[in-house]
Amino acid sequence: MGSRRLTGEDAARVTVGLLVLGLPLIVFGTRLFPPTLTLHARVSEDGGWMPDVVRARVGEALELRLIADDVVHGFAVGQSASPALDLPPGQTVRTTLTFEEPGTYTFYCTRWCGPNHWRMRGVIEVSGAAGPTAASEPPLYAALGIDLDAPRPTPEVPHGRPSASRGAELAGFVPETFLTDSAYLSRSPSEVFLALREDAATRAFDDSQVWDLVAWIWSTHTTKETIAAGAALFAQNCAACHGETGTGDGVMAGTIPAATMDDPSSTEPLRPADLADPARLLSASPALLHGKITRGGMGTGMPYWGPIFTEAQIWALTDYLWTFHFEEPS
Amino acid sequence: MTRYELTQFAGVRRLLTSRWPQLGIQLLLLSGLILVILAGLLGSPVGNRNFAIVMVWIAWWGVLMLVAVPFLGRLWCSVCPLPLPGEWLQRGAILGPRGRGLGRQLRWPRIFRNLWGQNGAFVLVALFSLPVLTQPQWTAILLAGLVLLGIAVSLVYERRSFCRYLCPVGGFIGLYAQAAPVEVRVRDADLCASHKIKTCYTGSTAGYGCPWMVYPGSLTTNTYCGTCMECLRTCPHDNVVVNLRPAGADLNIGRGRGLDEAFKVLLLLGSGLAYAAVLLGPWNAPRAAAAAVGTTPWLVYAAGFLLFVVVLVPGLVALAVRLGLRLSRARLSLAQALRAISPAFVPLGLAAWMAFSLSFVLANLSYVPPVLSDPLNLGWNLLGTAAMAWSPYGAGLFPWLPVAVLVAGLAWTSRRAREIAGELGGGVRLAFPLWVVSFVITIGLLWALVG
Amino acid sequence: MSSSRPVRRILVLGFLALLGTAVLVLPSPRPTAPSRARTIRMEARSFEYLPAVVSVGRGDLVTLELVALDVVHGAHIDGYGVELTADPGQTARTTFVADRPGIFRIRCSVPCGPLHPFMSGTLRVDPSDTMLRAAGLALLAVAAGAFLAARPGGGMAQRSAPIVRS
């Protein structure tokens, strides 16, 4: 049997065959190699982070490909100094993480992506030889024995807005005992007011002046920069539910599921706390606020921020919360 | 009105009759189609970053609607990749004839040998258009489905029965190709009469008989000619030519059109208005309903859409025709008049779709470079444009460019309406209601696209 | 045949073109309210703006507030090039002078879901006569088309038009 000449038809068939078989092969091949871990970000209702558990080893670089599949998301590792990465939908963002200490790290979404945005979290399990571990301390509210969920007594509330600057003029009259950290952190402003009111040193002042002193005491435990940092954290993380002015009417306010652990059959929609309500905030000590933020609301819809924020960040937030009631020093 | 023959130049004739340039473009588009289907199934669900959505509904649609159809007629059909696998299997060859292929070459059933199938296919796709336009997997499945359908039809029925009777895009392209300034025709009809065996229709060793089941010797409109150039290859006398001609020359032929074609003209005109209103209009409710396929709101939307494009717009035009007939006392039945008059509405329909496409394509054209850089959503950056920001192009052209297009289409339609009314013996009285209904539809389009 | 026909055509067409130009460029006869400063609050939710249509006067100093209700949204105003991005909980603000009258599309500039390309609103800067002018042009178009129509009898000859080879 003689061989026949290759015709144009043969060339065409080969080309078509290569295209029809080759292209899919190439496409599938590129999806398998290189085997970088790809982290898909979707809104919580559609799966959240996929996968949501990542493993790494101490000291080894963890390469990640991040891609948002629906709306704008963000990526950050809790309590890390690295800036958050924005994930524009459909765009691949590459990052490399290295962990010095073993443990469980929480990563989370940093751009609001729906009512369940705060539930969009995952963990990175870092294994390896541990250095000497610092004993983990219990949070302050636990150490102080504060019950975060107990109903609080109706506090004293000021008429008008206490001003730290006005309080500064009278600061010399405040006894030393009021200025310690423990005295500040463990007592609510209302309790501080009452204690100051009873103290002989302030007998000559009227109530509004004593409130100014309370505001001044607050201002001595923080700085302008800390408050600004707290304001930024509040805007990015809290304002969507609590409102930009803290009044509990943020854009997500109507979306918190109704049923709580206490009352699973309730259909009353839960509302975020009105932080601008003096009855609410002035009855809470800084330690209590710090605890609420750290531990969350136990079924009330308030997220727990312990794994996400550093201590400094949570204290900055609590410092900022008082600006809903007190005038900052200028 | 004269025609200018392009194939008088040997170079042009060689380019068109050689199978290699055509095959080259076909292979390029076939590769694109394969990539589109794969990207649609495997790529990012984010529509504006998916190769399938962006390249099909922005790039391809933009070129088709704004360049190919208005100026080149059905040229897309000569390189369209959808029917190619089926056609190659049917023919048993990719290039010239090589004997029998795998196709059974049955004739398309007589009762379906009309445009109702295409009308139905277009409406069906239109009902699902919102998920198709925005979800990559839907686009992939639709295109893969059309390819498979094409293969199935090509293996059983003759030639390009799929293209001619089923393809939803084909009906659209064929209709508006009548407005284009290019055509394939015979130079000398008497020469055809003297040629015993019509190899342009039966085929020869040089090429296939017309895959579109058209006899080139009597070709008078662009509607069914897929410009595949087979007849240029098979005519031994080089009597088939490609002409440059005045735009819309086909719209002069008012007789010999079926009711299916008349209906298609009005169906597509109404669809253009519906698309403009739903996709680009200010209300979100119809859009959201159109996207939520399978739900009750979608059923309501589907019913509304069908009512509008199948009943309301054709009905309105039919009423106008009826009124015109009564006013002018022209001696025609409604059906006869509709069939003769419907070509007049082609320019307005084309203008509607062009204006709609302008608004949509220019605003989203900046999605093309990122998608070319990262077609599989793996983080590539082939052209360096993967992170290019979105920005709408041609903002300065709006709103007056779409207005100009619509106004030009309306003028052309008004002119054709007057001319056809004159040919039918109805004069201005027959034309006047047609002008009114065209004006009303144009206002609707302006309001959706501009207001 | 009379040779006045082509001349008449040119005259009428010229007149229509003049009218068309007038429709396009003549300033609006409607009195304009004095310009003032306004704050417009637009809420953005997938996939609409609330309100969908925003009206301001020409020359107004407009402060646009964009409030995102569910996910990160954007707003881009065609023709003005103003662009805002808002996260839920962080109202975005920008100020611009509405010095150009007309109707401008507001498009979402941040992908926010499947229907994102169709998420749009409208900014009307009054006096915006665009629709009126466009309708006027449409009317003129019908007149032009009607007038340009060839007389009956000319259509039949076109089917057997000669093909020109140079």
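Predicted model: local features only at pLDDT ≥ 70, side-chain atom pairs only at ≥ 80, totals over all residues.
**Exercise 1.** Determine how far helix α5 of chain B is covered, and by what.

*Solution.* Step one: the helix spans residues 84-91, and six of its eight residues are buried, so it is mostly covered by the cut-off of 20 or more other C-beta atoms within 10 Å. Step two: the buried residues are B:Leu84, B:Gly86, B:Glu87, B:Trp88, B:Gln90 and B:Arg91. Step three: these buried residues pack against α2 (19-42), α8 (136-156) and α9 (161-165) of chain B.

**Exercise 2.** Describe how α9(A) and α10(A) pack.

*Solution.* Step one: the axes of α9 (residues 286-295) and α10 (residues 311-321) of chain A come within 9 Å and cross at roughly 125 degrees. Step two: α9(A) is therefore oblique to α10(A). Step three: the crossing is right-handed. Step four: α9(A) contributes A:Pro286, A:Leu289, A:His290, A:Ile293 and A:Thr294, while α10(A) contributes A:Ile314, A:Trp315, A:Leu317, A:Thr318 and A:Leu321. Step five: by type, the contact has seven nonpolar residues, three polar and no charged.

**Exercise 3.** Work out what chain B brings to its contact with chain C.

*Solution.* Step one: 50 residues come from chain B and 41 residues from chain C. Step two: on the chain B side, elements supplying at least two residues each include β1 (3-5), α15 (285-291) and α18 (346-364). Step three: α20(B) gives the largest share, twelve residues. Step four: the chain B side divides into 26 nonpolar, 16 polar and eight charged residues.

How values were computed: Residues numbered from 1 in each chain as written. Chains lettered and ligands numbered in written order. Contact = placed C-beta atoms within 7 Å. Helix = DSSP H or I, 4+ residues; strand = E, 2+ residues; numbered from the N terminus. Nonpolar A, V, L, I, M, F, W, Y, C, P; charged D, E, K, R; others polar. Buried ≥ 20, exposed ≤ 12 C-beta atoms within 10 Å, placed from the backbone. Axes fitted to C-alpha atoms, helices over the stretch in contact; angles between N-to-C directions. Parallel < 35°, antiparallel > 145°, perpendicular 65-115°, else oblique. Left-handed = near helix turned anticlockwise from the far one by under 90°.
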